[in-house]
Amino acid sequence: MTTGAAVPTFLLAATLAWSEPMPGSLDVHWNEGASDCSAVPQEALQVHQYEPQTFILRQNPCADFEANFIYLLIGSDKALLIDTGAVADPKAMPLAKTVLELLSDKNHKKLPLLVAHTHRHLDHRAGDPQFASLPSVQTVPFDLEGVRTFFGFTDWPSGIAQLDLGGRTVDVIPTPGHNETHLAFYDERTGILFSGDFLLAGRLLIEDAKAYHQSALRVVDFLKTRPLTHILGGHIELDATGHTYRFGSHYHPNEHRLELARADLTALPAAFERFNGFYARYPNYILTNPIRNIVALGIIAVALLVFIVWGIRRLIRRRRG
Ligand SMILES: [Zn+2]
Ligand SMILES: [Zn+2]
């Protein structure tokens, strides 16, 4: 009886078990930019090898305040570039040149490259034109219809698409909320979730709170049964003590670590359920609705103005009286 029961349990465990993620290193100090960029020469693009087939590229805060993180995932047949960053000019930001140098040759030809985006905000795709005329590079459209068609989503934002890079599968998960076109990428090789602006050490800028909440629930559910080593987003906007850098700052001293953990993700749905609609601070991210905050500020400003005008008119009437 004992033996008989042990066999199916073992088989079940073997079927459910995911292969161990490939370990990698995040032991790196990201370039922090400078308070005076013209005084301190800066390397535009920092390249960090996480493991032999995974590269993290960071745009220097001096090159653009958005200081985007860009990810290169290499399979045996194809490579995937997630985002092209905030800088278009190849002289200021040699992105395509750097990526091509990192790609190995296959049969004396460069490995084909697929350029995809976490979402259509310009700081995640400004570098696209650098890849436009290159042979064996395909770029995913950035508009919603193009994204849906390319990945074959028929019931957006439900469903998961898969990219086969050759011995390396990447799951593509719709995550609208910050932006309607947003995608997260889960790499089965490393167990990393590439989360773009959906989840990062910084401001989670909310465009559609309901969609964002639903996305958080779907990603939590998707990862429930899968190993998750790190969550790597598109920017770092906090310092190590959890304070934001001034918006637009080219200087990021004492940055918060890039990687977030599963606990940050699992806390996200509840954060949306408690959200007051304007602003909420958590240890590793801040929920904020910029449009709502501007509208609220506008209403307060108008109310103040009305009050001041009323006060002045009253004062004038009294004096006349
Ligand atoms: Zn964005
Ligand atoms: Zn962004």
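Helices (H or I, at least four residues) and strands (E, at least two) are DSSP runs, numbered from the N terminus. This is a predicted model, in which local features need pLDDT of at least 70, side-chain atom pairs count only at pLDDT 80 or more, and totals for chains, interfaces and linings use all residues. Residues are numbered from 1 along each chain as its sequence is written, and side-chain values use heavy atoms, with hydrogens and water left out.

**View 1. A nonpolar patch on the surface includes Trp310.** Look for Trp310 in helix 7 (residues 290-320). Together with Ile300, Leu304, Phe307, Ile308, Ile312 and Ile316, Trp310 forms this patch, with about 730 Å² of accessible area together. Such areas come from the Shrake-Rupley method with a 1.4 Å probe, and for residues only the protein chains shown count as cover.

**View 2. Asp83 has a positive phi.** The angle is about 80°, although Asp83 is not a glycine. Find Asp83 in the loop between strand 4 (79-82) and helix 2 (95-102). Asp83 is buried, with a relative accessible area of 2%; buried means under 20%, exposed over 50%, and partly exposed in between (1.4 Å probe, protein chains only).

**View 3. Asn254 also has a positive phi.** Here phi is about 50°, and again Asn254 is not a glycine. Asn254 sits in the loop between strand 14 (230-233) and strand 15 (259-260), and is partly exposed, at 48% relative accessible area.

**View 4. A cis peptide bond runs from Trp156 to Pro157.** Its omega is near 0°. Pro157 belongs to the loop between helix 3 (144-151) and strand 9 (161-164).

Terms used. Chains are lettered from A and ligands numbered from 1 in the order in which they are written. Patches are made of residues with over 30% relative accessible area and no salt bridge: like charges are joined within 9 Å, nonpolar side chains (Val, Leu, Ile, Met, Phe, Trp, Tyr) within 5 Å. A salt bridge is a side-chain nitrogen of Lys or Arg within 4 Å of a carboxyl oxygen of Asp or Glu.
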